[in-house]
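Subject: Structure for you to look at

Hello,

I am handing over the structure below. Please look through it first; my notes on what was found come after it.

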Amino acid sequence: MKFVDEATLELKAGDGGNGCVSFRREKRVPRGGPDGGDGGDGGDCTVKAESGLTTLLDLKMQRRYQAGRGEHGRGKNQFGKRGADCLIVVPVGTLVRSAESQEVLFDFTREGQTFVAARGGRGGHGNTHYATSTRQSPRTAQEGQKGEIKKILLELKLLADVGLLGLPNAGKSTLISVISKARPKIADYPFTTKIPHLGVVRIGEERSFVAADIPGLIEGAHDGKGMGVQFLKHIERTRVLLHLIDLTDPAQPDPCHSYQLLRGELAAYSPELLQKPELIVLTKMDLPEARSKRGAAEKKFLAEGKKVFFISAVKHEGLQSLLTQVGKLLWKEAP
Ligand SMILES: Nc1nc2c(ncn2[C@@H]2O[C@H](COP(=O)(O)OP(=O)(O)OP(=O)(O)O)[C@@H](O)[C@H]2O)c(=O)[nH]1
Ligand SMILES: [Mg+2]
């Protein structure tokens, strides 16, 4: 599954501070030499990659970024302070393009890489730089350069390994929020999730996979009902599916039926989806109502040759063995 996340940003690097025209004033020295300091450089707009992030969503909230201007130089050879840099943090995997030409300016492949997307203006020289043997009292100083103004397009492509699917309210967002740092909205009404959310799930020290929480699917989804077909395409490229089922759903007293209903939607959309390795996950097992239906549900699925997992995302129960099994399917070995 591939998500493309995009954000267009307007950057303004800091202007350089002006150089200063000043002369030494000392007692008994009528005309001291020049002592005007240089202006400080303007701050840069720098983009940096960090591995904990998975989306560009935060950057869509704020589109304009401005770095600080350099201070002007002062007398007594005092240099102006450099302007504050402006740091824009993006996930690893982000591509930076020029918004005008679409040209790729930088490709973040590793954590910690930085790229100066708009450079601050150089500070101007103070009049000390202009003194010569024949011109001892220069009244000239240089203005600071303007900071660069750039418009950039950030593009992030992320591949999800595992797709969480289920009817609305099945507990998909709750699960991803306890196994990863993703924080989709959770609520007790259907269609809380309107866009897919990705989360990086760590297994042990070395391994991790990307899970995708997608909006709930309903009968007729393949025909565009509910949140529609647009999200089914997102799960086409995942390698493993987790099919979440809520035993307490009043509209679905029979979990096998709700399972088949969703499988039917997948089949109608693309029969290949049925070939993907999947795990059936019965959720909300901390609720007495779910627990009372546990035995019967397990038997029913077993009769169809299906093994099921029981979890309570809220109580963090059953998650370890579920994730271990996901790891086995992804890597064909114990993680
Ligand atoms: N008791 C209990 N409630 C849960 C558990 N998991 C989810 N819920 C509740 O079930 C409701 C739906 O949870 P969500 O995680 O938003 O469900 P979803 O599948 O993402 O729903 P949509 O985004 O609407 O498709 C919320 O009120 C959750 O608090 C659980 O393990 N135990
Ligand atoms: Mg949700």
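A residue counts as buried under 20% relative accessible area, as exposed over 50%, and as partly exposed in between (1.4 Å probe, protein chains only). By that scale Leu59 is buried, at 8% relative accessibility.

The model is predicted, so local features need pLDDT of at least 70 and side-chain atom pairs count only at pLDDT 80 or more, while totals for chains, interfaces and linings use all residues. Residues are numbered from 1 along each chain as its sequence is written, chains are lettered from A and ligands numbered from 1 in the order in which they are written, and side-chain values use heavy atoms, with hydrogens and water left out.

Individual residues

Leu59 belongs to helix α1, residues 57-61. Helices (H or I, at least four residues) and strands (E, at least two) are DSSP runs, numbered from the N terminus. Leu59 and Lys81 are 22 residues apart in sequence, and their C-alpha atoms are 28 Å apart in space.

Lys12 is part of strand β1, residues 2-12. Its relative accessible area is 21%, so Lys12 is partly exposed. From Lys12 to Gly43 there are 31 residues in sequence and 9.4 Å in space, C-alpha to C-alpha.

Two lysines in loops have a positive phi. Lys76 has a phi near 55°, though it is a residue other than glycine. It lies between β3 (64-66) and β4 (86-91) and is exposed, with 70% relative accessibility. For Lys284, also not a glycine, phi is about 60°. The loop of Lys284 runs between β13 (278-283) and α4 (288-292), and at 24% relative accessibility Lys284 is partly exposed.

The ligand

Ligand 1 is surrounded by 22 residues, of which the closest are Lys172, Thr174, Phe191, Thr193 and Asp286; a residue is near if one of its heavy atoms lies within 4 Å. The shell consists of 10 nonpolar, 8 polar and 4 charged residues. Here Ala, Val, Leu, Ile, Met, Phe, Trp, Tyr, Cys and Pro count as nonpolar, Asp, Glu, Lys and Arg as charged, and the others, Gly among them, as polar.

Polar contacts are pairs of N or O atoms within 3.5 Å. In one, a polar side-chain atom of Ser173 is 2.8 Å from an oxygen atom of ligand 1. A polar backbone atom of Ala187 lies 3.4 Å from a ligand oxygen atom, and a backbone N or O atom of Asp188 is also 3.4 Å from an oxygen atom of ligand 1. Alone, ligand 1 exposes 640 Å², and the protein buries 88% of that (Shrake-Rupley method, 1.4 Å probe).

Regards

Key. A polar contact is a pair of N or O atoms within 3.5 Å; within protein, one must be able to donate a hydrogen and the other to accept it, and residues adjacent in sequence count only if both atoms are side-chain atoms.
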